[in-house]
Amino acid sequence: MTECSQSQFPFEAHFSRQVMGRFDGSQLTTDGGGLLLRQADRKIGLLQRVTACFTDHRRRERVEHELHQMLAQRIYGLALGYEDLNDHEQLREDPLLALLAGKREITEPLAGKSTLNRMELTPAGSALAERYHKITYSAEAIDALLVEIFLEAHRKPPTEIVLDLDATDTPLHGRQEGRFFHGYYNHYCYLPLYVFCGDHLLCARLRPSNQDPSAGSPEEVARIVAQIRKRWPKVRIVLRADSGFCREELMAWCETHAVDYVFGFARNQRLRRKIARAMREARQEHRRTGKPARVFTEFFYRTRASWSRARRVVAKAEQIEGKENPRYVVTSLAPEQGPAQRLYEQLYCARGEMENRIKEQLSLFSDRLSTETLRANQLRLYFSSLAYVLVHALRRIGLRGTEWAEAQAETIRLKLLKIAARVRVTARRIWVCYSGAYPWKHLFTAAWSALRC
């Protein structure tokens, strides 16, 4: 490709003055707000503990880019909107990213795409004599860290928490390990499992798509619940998920371990006959008012083969314009703990908020799983998850009480992190100079003040 030799870029004049553009500004960055992320990291101690989840077998005397610097470069890069390793060929010269990554001299280049890529590609059980693959990670340690940060976010134990489970599809366009065609999504994909508690991410497990949506969920729930109860032995835990998780194995585990659940339950003709009377009442109400009508009922139900016992089912018999719209949930909660209508409308339907959390993962590039092995792609998913934890810490601590307290990660990046700035290094200080015309200076100030406390 021909190299561009253009040095000046004339634009349409502004009245009597010419408008000229030049790329000659020294030490400039477009990510000036990243310093707030760095401050959020200092509050929760994320990157220091992430580094402890890795083992670096490189010879120290030959190391140019420290492990903690490469991890910080990768995670900050995702939070700031740089999805690909290729981006780091240019980012390695960015003075502010060098500051975030912990380089002593921010004028020195950061790791390039090839070095970062080698960090991701080390297979499990790689021989230490391997020339390029010398950095390994512990998935168990990262899993535990996600839950630990959630626990630390609470000053005192809550009386009850709700854990949301959901699976989503990550489309694949190559021949990655564990790649399968999924009939429902109609493409080749992975099927990652997510577990959230409110806005807190507790689990991001990458899985092949040739399995049930609930595959592996009892093991993940058991691990998370054990870690939570070790710190909060008296907390009441409720699992919430759609019908893809309404499986005997998971429900039986919950009943054995004193964990409550509210799961969606797929429709069938037996269930429809159970709510026939309620559906008639809903139809009559719809005819009378001309508006959607719903009647709630409940009963105990047991499948013919798959369930080991009868369980409480709450049904919404709804008539909307032109058709019936029944819905069912199965729960371990007794009627006095969750009356039918409140259990469905206030507890179960609130799980829809988790969809926004998954969208935030996508805005942090959790779908960029283009490397060859499942283990390497799991690491990329971890990086996106850790970038989310970092942004959420900024939102949770720095933006609490402000108009952006519930802003999406993408909004925070666009309005608070992507700030043009000039970086100037003197003998005693690094000056990061922002534009006086930045429109959200008051929110920047509020976040800085909260993170300084």
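Buried here means under 20% relative accessible area, exposed over 50%, and partly exposed in between (1.4 Å probe, protein chains only). This is a predicted model, in which local features need pLDDT of at least 70 and side-chain atom pairs count only at pLDDT 80 or more, while totals for chains, interfaces and linings use all residues. Residues are numbered from 1 along each chain as its sequence is written, and side-chain values use heavy atoms, with hydrogens and water left out. Let's look at the salt bridges, each a side-chain nitrogen of Lys or Arg within 4 Å of a carboxyl oxygen of Asp or Glu; the count comes to 35.

- E360 sits in helix α13 (residues 354-363) and R395 in helix α14 (residues 374-398), so their pairing ties together parts 35 residues apart in sequence; helices (H or I, at least four residues) and strands (E, at least two) are DSSP runs, numbered from the N terminus.
- A network of salt bridges links D199, E353, R357, E360 and R395.

- R205 and D143 form a salt bridge at 2.5 Å, N to O.
- Because R205 belongs to strand β11 (residues 200-205) and D143 to helix α7 (residues 139-152), the pair joins parts 62 residues apart in sequence.
- D143 is buried at 5%, as is R205 at 15%.

**A strand-to-strand pair**
- In the salt bridge of R236 with D260, the closest N and O atoms are 3.4 Å apart.
- R236 is partly exposed at 29%, whereas D260 is buried at 16%.
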